[in-house]
Amino acid sequence: MRRRLTPDEINRIAADPTHCTRTDLVPVIDPTRPFVPEEWTQLWYTPVYASLHREHRLRYNQLFGIRINEYVMMLESDLIERIWPPLRRHPSVRGDPALVRALDEMIAEERRHHAGFARLNRICRPDLFPEGRDRFFSALPMWGEAMFRFTGLVAGWLAFGLWYQMALEESAQALARAMVHTPETATLGPLDPGFVSVHREHMKDEARHLHVDALLIERTIEAAPGWRRRLDAGLFRAMLIGVVRPTRAGAGEKVIRQLVRDMPELGDREEEMIRAVLALGRDRRYQESLFNRRLMPATFAVFDRTEELDHLGERMLGYDRRAP
Ligand SMILES: [Fe+2]
Ligand SMILES: [Fe+2]
């Protein structure tokens, strides 16, 4: 983010269709192609991965790609829908009609993205996503439900959810950029162009959303008294445990269970794969792949200038604190 856009500039760009995400794509998907770079999947970081046959790695990659789409959808509905309405009423937001307009436009865009990713997943696996069902891997675990409900309740004055949101939005952009710039995967050949096309379009709106996030953080969290920010920082650190640590019955395990349902010959390796994924909670290389400065420079710059996030690196291992 070279320069922070003003709300008026954001609205002007949002009105230009060439800078907006097309969400009407109906891509053709080639089932012989991988969907995402392998280093964006969990098993890649485990010793098990290299011992799997190509067709098993390919199917895992495709299922994990669908799970990534669901993760983006989770951000676009569960988190945003809960955080943004109270933010819209925040005293330093509601008095700025241009910012409120940018916010409303962003919420509308996220709803369209959600529908676009749901359509993509249905094209990839109609059996897992029959009409009317958009979630398969990411039905929220209990902690997630509780966290989002709580985040929404307090976001009117404790806007810590925005830090998480900004990190995820910047990460979704980084994924799209990686797919466009390096379409060749490490061991599975070129990515599926149809799958990539949806992510490439997604990036257009998200580039603007990052500016909205930064503005809102500035107006709410950074303008709040220190005691409030200390509380925000503590909640953020607590919330991250559930984000970075794969859990039993979490989405990562569900991907493996589906892989074995698709390819029953892997049945005797199911538990080994699940244990390997669960161990990633303590794996530095994997942890650093989730949050790092290369993926999210703008978000890390926000963290750097927030004194209360001094110890964030203890929970977010990829965060290398620097002087602002
Ligand atoms: Fe989005
Ligand atoms: Fe977004």
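## A guided tour of the helices and the core

Select Arg219: apart from residues within four places in sequence, Arg219 is in contact with Ser92 and Val93 (contact means that the C-beta atoms, placed from the backbone, lie within 7 Å). The model is predicted: local features need pLDDT of at least 70, side-chain atom pairs count only at pLDDT 80 or more, and totals for chains, interfaces and linings use all residues. Residues are numbered from 1 along each chain as its sequence is written, while chains are lettered from A and ligands numbered from 1 in the order in which they are written.

Arg219 belongs to helix α7 (residues 193-219); helices are DSSP runs of H or I with at least four residues, numbered from the N terminus. Arg219 counts as partly exposed because 19 C-beta neighbours lie inside 10 Å. By definition, 20 or more other C-beta atoms within 10 Å make a residue buried, 12 or fewer make it exposed, and partly exposed is in between.

Next, select helix α2 (residues 54-88) and helix α6 (residues 161-181), whose axes come within 11 Å and cross at roughly 155°. Axes are lines fitted to C-alpha atoms, for helices over the stretch in contact, and angles run from 0 to 180 degrees between N-to-C directions. The two helices, α2 and α6, are therefore roughly antiparallel (an angle over 145 degrees). Val72, Leu75, Leu79, Ile80 and Ile83 of α2 meet Gly161, Gln165, Leu168 and Ala172 of α6.

Ile217 is the next stop. Leaving out residues up to four places away in sequence, Ile217 touches Leu162, Met166, Glu222 and Val302. Ile217 and Met166 are among the residues that touch the most other members of the largest nonpolar core, which has 73 residues. Such a core is a set of buried Ala, Val, Leu, Ile, Met, Phe, Trp, Tyr and Cys residues joined through C-beta atoms within 7 Å.

Finally, select Ala249, in the loop between α8 (226-244) and α9 (251-262). Ala249 is exposed, with 10 other C-beta atoms within 10 Å. The phi of Ala249 is near 70°, a positive value in a residue other than glycine. Most residues other than glycine have a negative phi.

How values were computed:
Parallel < 35°, antiparallel > 145°, perpendicular 65-115°, else oblique. Contact = placed C-beta atoms within 7 Å.
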